[in-house]
Amino acid sequence: PLSDFGLIGLAVMGQNLVLNVESRGFQVSVFNRTTATTDEFVGRHPGKKLIATHTLEDFVQSLAKPRKIQIMVKAGAPVDQVIEQLIPLLEKDDIVIDGGNSLYTDTERRDAYLAGKGLRFIGAGVSGGEEGARKGPAIMPGGPASTWEVMKPIFESIAAKVDGQPCVIHIGPGGAGHYVKMIHNGIEYGDMQLICEAYNLFKAAGFTTDEMAAIFNEWNEGELQSYLIQITGKALEQKDPDTGKPLVEMILDKAGQKGTGQWTLINAAENAVVISTINAAVEARVLSSQKKQRVIASKQLQGPTPDLSAEKKALVAKVHDALYASKVVSYTQGFDLIKTMGEKRNWGLDFGGIASIWRGGCIIRARFLNRITEAYRDDPALVNLMLAPFFNALLNRTQQSWREVVALAVRNGIPVPAFSASLAYYDSYRAEQLPANLLQAQRDFFGAHTYERVDQPEGKFFHTEWPEVIG
Ligand code: NBP
């Protein structure tokens with residue numbers, strides 16, 4: 001019989017997705033540029049409903065119509081190359097799905113291009129890494145609603161399930177799915193950095209790695225319950241087989257990145273949306289990668305000798321609050337960006353739905369996402385997540401500890417870029433008065449940019465003839 005689904009690109013993600021789809025009762029045809037990989041993969045799974053193909057022609061011919069073909073190759077030019085090779089082999093209404101981490105503007109371009117050829121296209125963000133792909137990822141598909149309806153049974157059956165709900169919804173048209181996946185990755189950067197800052201403070205306060213593992217394991221039982229907290233506890237427990245030391249202490253402090261965090265920053269800048277927590281997280285990775293410079297600077301640039309020993313006992317609860325509050329700020333900013341772009345592009349996004357599909361399968365899955373869903377269900381027009389009753393109360397409850405943690409870190413010369421950027425956002429957002437009055441004076445001074453007055457209606461602009469400055 002002909003296959004229900006086809007997948008091109010049998011690397012980590014592709015192989016695991018194929019096994020997932022097959023396990024839900026579908027027959028899957030597979031193709032990989034390097035055909036030995038195809039044979040090796042299918043050979044490793046005897047008895048499964050997998051069809052190995054060695055040419056794209058055979059691959060396409062092995063699929064039931066309308067064909068459903070998911071591309072799972074390296075993002076960028078390889079996706080275009082595969083699409084070009086497929087086009088002459090496909091027929092009207094066949095569906096091509098790009099499940100890689102494609103830039104949403106590439107997805108918009110491909111969507112329009114394929115539509116012009118009578119083909120249907122879905123750009124779907126897939127999160128969850130290897131394990132998610134195999135057992136159930138969160139899927140963020142973008143494209144025409146009518147195409148989503150065709151793909152829905154397969155996507156819903158392979159997605160992660162939380163409270164019986166599949167972690168997939170139709171995000172919106174065109175690039176909306178890949179866009180939301182990009183923001184998901186930005187938020188993931190923020191979550192990871194916040195956890196690392198907590199770890200760094202605990203380390204400076206003299207906690208052993210095992211003690212820290214116990215803290216994160218305990219946090220994972222409470223409000224902060226999340227996949228990233230869970231794996232942090234497990235990672236801290238891991239011992240290096242060669243030295244017997246905690247493995248994390250043997251890992252070089254140089255972080256890599258693949259670009260989705262930077263894409264998020266660029267998009268935020270284009271839309272004038274503040275995402276300072278994610279920004280701090282991306283920049284923290286950049287500075288971490290400059291290890292050689294940091295080693296030199298550590299011998300020249302002075303700071304205090306950290307001494308957090310007196311704070312050790314109280315620190316755990318305070319850092320917990322600082323982490324939670326900062327995380328709320330990070331999601332507030334992420335959703336602000338999603339909302340801004342969604343409105344600009346008329347994507348008709350369901351913010352509560354987006355938070356709810358992130359509860360399972362994906363890297364940022366967390367208990368507290370339920371609260372975001374509730375906030376948007378209660379008030380779909382919510383302007384800023386921090387003002388939703390639950391988060392408002394949470395921030396009021398945690399802000400004192402949060403400040404104490406940031407102050408302690410600053411006094412001890414311990415960098416907490418994401419904690420402090422989040423707090424600065426909180427304090428700026430809640431400030432009735434900011435010093436931008438002086439800023440407007442400066443702008444009017446040197447550039448005659450004009451200003452509004454506190455005693456005059458909004459939208460009325462004034463200019464002052466400032467004194468001339470010489471020299
Ligand atoms: P990679 O991103 O490492 O891509 C490897 C695959 O791309 C191989 O099948 C390779 O074929 C194929 N490929 C390349 Br490279 N250039 C090609 C070309 N010009 N034509 C045809 N095939 C080509 O694989 P991955 O890590 O499984 O990720 C796949 C996608 O999923 C990426 O977009 C990634 O960003 C995204 N993603 C990954 C993860 C993760 O945890 N790894 C999570 C979420 C999303 P070959 O075998 O012949 O070299």
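Across the protein the pLDDT, which is the predictor's confidence in each residue on a scale from 0 to 100, averages 97, and 100% of the residues score at least 70. This is a predicted model, in which local features need a pLDDT of at least 70, side-chain atom pairs count only at pLDDT 80 or more, and totals for chains, interfaces and linings use all residues. Residues are numbered from 1 along each chain as its sequence is written. The model also scores ipTM 0.98 and pTM 0.95.

**Domains**
- The domain assignment, whose bounds come from an automatic or database source, gives domain 1 (5-174), domain 2 (181-429) and domain 3 (437-471).
- Taken over C-alpha atoms, the centres of domain 2 and domain 3 are separated by 39 Å.

**Surroundings of the ligand**
- The ligand is surrounded by 23 residues, and the closest are Ala11, Met13, Arg33, Gly100 and Asn101; a residue counts as near if its C-beta atom, placed from the backbone, lies within 6 Å.
- Two or more residues of this shell are given by each of helix H1 (12-23), helix H4 (77-86), strand S6 (120-127) and helix H6 (129-135), where helices (H or I, at least four residues) and strands (E, at least two) are DSSP runs numbered from the N terminus.
- The shell around the ligand divides into ten nonpolar, ten polar and three charged residues, with Ala, Val, Leu, Ile, Met, Phe, Trp, Tyr, Cys and Pro counted as nonpolar, Asp, Glu, Lys and Arg as charged, and the others, Gly among them, as polar.

**Packing of two helices**
- Helix H8 (residues 176-204) and helix H11 (residues 260-270) pack with their axes 8 Å apart and at an angle of about 105°; axes are lines fitted to C-alpha atoms, for helices over the stretch in contact, and angles run from 0 to 180 degrees between N-to-C directions.
- H8 and H11 are therefore roughly perpendicular to each other, a description used for angles of 65 to 115 degrees.
- On the H8 side the contact is made by Met182, Ile183, Asn185, Gly186 and Tyr189, and on the H11 side by Thr260, Gly261, Trp263 and Thr264, with contact meaning C-beta atoms, placed from the backbone, within 7 Å.
- The residues of this contact of H8 with H11 divide into four nonpolar, five polar and no charged.

**Backbone details**
- The peptide bond from Lys65 to Pro66 is cis, with omega near -10°, and Pro66 is found in the loop between helix H3 (56-61) and strand S4 (68-71).
- Ala448, found in the segment after helix H19 (436-447), has a phi near 50°, a positive value in a residue other than glycine.

Methods:
Angles under 35 degrees count as roughly parallel, over 145 as roughly antiparallel, 65 to 115 as roughly perpendicular and the rest as oblique. Two residues are in contact if their C-beta atoms, placed from the backbone, lie within 7 Å.
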